[in-house]
Amino acid sequence: MRMAMIGFGEAAEALATGWGTARAAGLAGYDIRQTEPHAKPLARAARAGVTLAPDRVAALDGAEAVWCLVTADRAVEAARQCAPHLPAGCLWLDANSCSPGGKRVSAEVIEAAGGRYVDVAIMAPVHPRLHRTPMLIAGPHAAAAAGLLSDLGMSAEIAGDAVGDASAVKMIRSVMIKGIEALTAECVLAARRAGVDGRVLGSLVVSDPGTDWPRRAAYNLERMMVHGGRRAAEMREVAATLDELGMPSDLATATAQWQDRIGELALPAGPDDLAARSDAILARLAGRDDQG
């Protein structure tokens with residue numbers, strides 16, 4: 001089966017690397033950023049052994065399955081741009097972190113063009129498991145997609161027969177996962193600035209002895225430092241999911257703000273050390289406050 005990838009970021013590189021060079025050699029990829037100076041998609045594709053096509057038309061030519069792996073805010077746009085060029089019956093595997101409503105919009109676009117839309121939710125970081133990262137799939141073509149993913153050695157479970165069944169699980173789960181990251185930042189950074197971080201962390205360990213709070217906090221900050229922008233976009237989709245359900249979305253919105261705030265600092269995660277990461281973030285935030 002010939003496959004294509006629209007968007008070649010971390011997830012695309014991880015999947016292609018996991019599949020191996022034989023499978024990657026049959027892939028075509030396209031990323032709107034690949035023409036930018038020092039474009040990351042080019043380096044990622046080279047490491048994974050994937051050839052990036054000059055445009056989306058060439059990437060989609062003859063494809064029987066397409067992985068859409070753009071940012072959440074570009075998923076519907078990607079579907080609209082690619083739909084006119086999709087081969088009939090092509091599986092469109094939308095693995096973007098979008099609300100169920102957003103996924104349904106993309107599904108309408110792809111189905112109207114003769115494609116077969118599949119709602120895909122990547123349920124864990126793609127490293128270190130690469131293509132074996134757990135996924136949920138949903139929609140009327142989920143069974144067909146399950147067969148393909150099985151052939152690729154992937155770990156996928158059908159979440160339902162309606163588009164949105166997979167993404168709803170991921171979005172609502174993220175209220176907790178990314179929300180804890182934002183709470184960590186607000187708590188730990190304030191404690192560090194006040195000079196009471198040792199006592200605060202010690203108190204957390206006493207209250208929850210099953211969690212290594214210094215290590216977990218360092219990891220949470222790393223996630224925000226390295227992936228804050230992407231996680232903020234996902235949390236805006238989480239807020240949209242809650243809005244679609246008629247639920248308040250205050251925490252999801254605040255979480256997106258924290259993810260953006262730290263992601264925009266563009267700081268390297270550095271050593272796996274909570275104090276060092278906290279100090280780097282606080283110093284950069286203080287610098288921004290001084291400038292503005």
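Predicted model: local features only at pLDDT ≥ 70, side-chain atom pairs only at ≥ 80, totals over all residues.

Numbering starts from 1 along each chain as its sequence is written, and side-chain values use heavy atoms, with hydrogens and water left out.

**The sheet**

Show the strands. Eight of them form an open, mixed sheet, ordered S3-S2-S1-S4-S5-S6-S7-S8. Strands are DSSP runs of E, at least two residues, and helices are runs of H or I, at least four, both numbered from the N terminus. Two strands pair if DSSP finds at least two bridges between them. Go to the edges: S3 (51–52) and S8 (156–160) each have a single partner strand, so one side of each lacks a neighbour in the sheet. Now select S1 (residues 3–6). S1 pairs with S4 in the parallel sense over four bridges. Pick Ala 4; its bridge partner in S4 is Val 66.

Trp 19 and Trp 67 have ring centres 5.9 Å apart and planes at 50 degrees, so the pair is tilted. Planes under 30 degrees apart would count as stacked, over 60 as edge-to-face, and the rest as tilted. Colour by accessibility. Trp 19 is buried at 11% relative accessibility, and Trp 67 is buried at 0%. Buried means under 20% relative accessible area, exposed over 50%, partly exposed in between (1.4 Å probe, protein chains only).

**A charge over a ring**

Jump to Trp 258. The charged end of Arg 261 sits over its ring, 4.7 Å from the centre. The cut-offs are NZ of Lys or CZ of Arg within 6 Å of the ring centre and within 35 degrees of the ring normal.

**The largest pocket**

Select Glu 10, Ala 11, Thr 71, His 227 and Arg 230. Of the 48 residues lining the largest pocket, these lie nearest its centre. A pocket is an open set of points on a 1 Å grid over the protein atoms alone, where a 1.4 Å probe fits, with protein on both sides within 12 Å along at least five of seven lines; lining residues have an atom within 4 Å of a point. H10 (213–244) gives the most to the lining, eleven residues.

**Last stop**

Find Val 205 in helix H9 (residues 197–207). Val 205 is partly exposed, at 32% relative accessibility.

Conventions:
Phe/Tyr/Trp six-rings, centres within 6.5 Å; stacked < 30°, edge-to-face > 60°.
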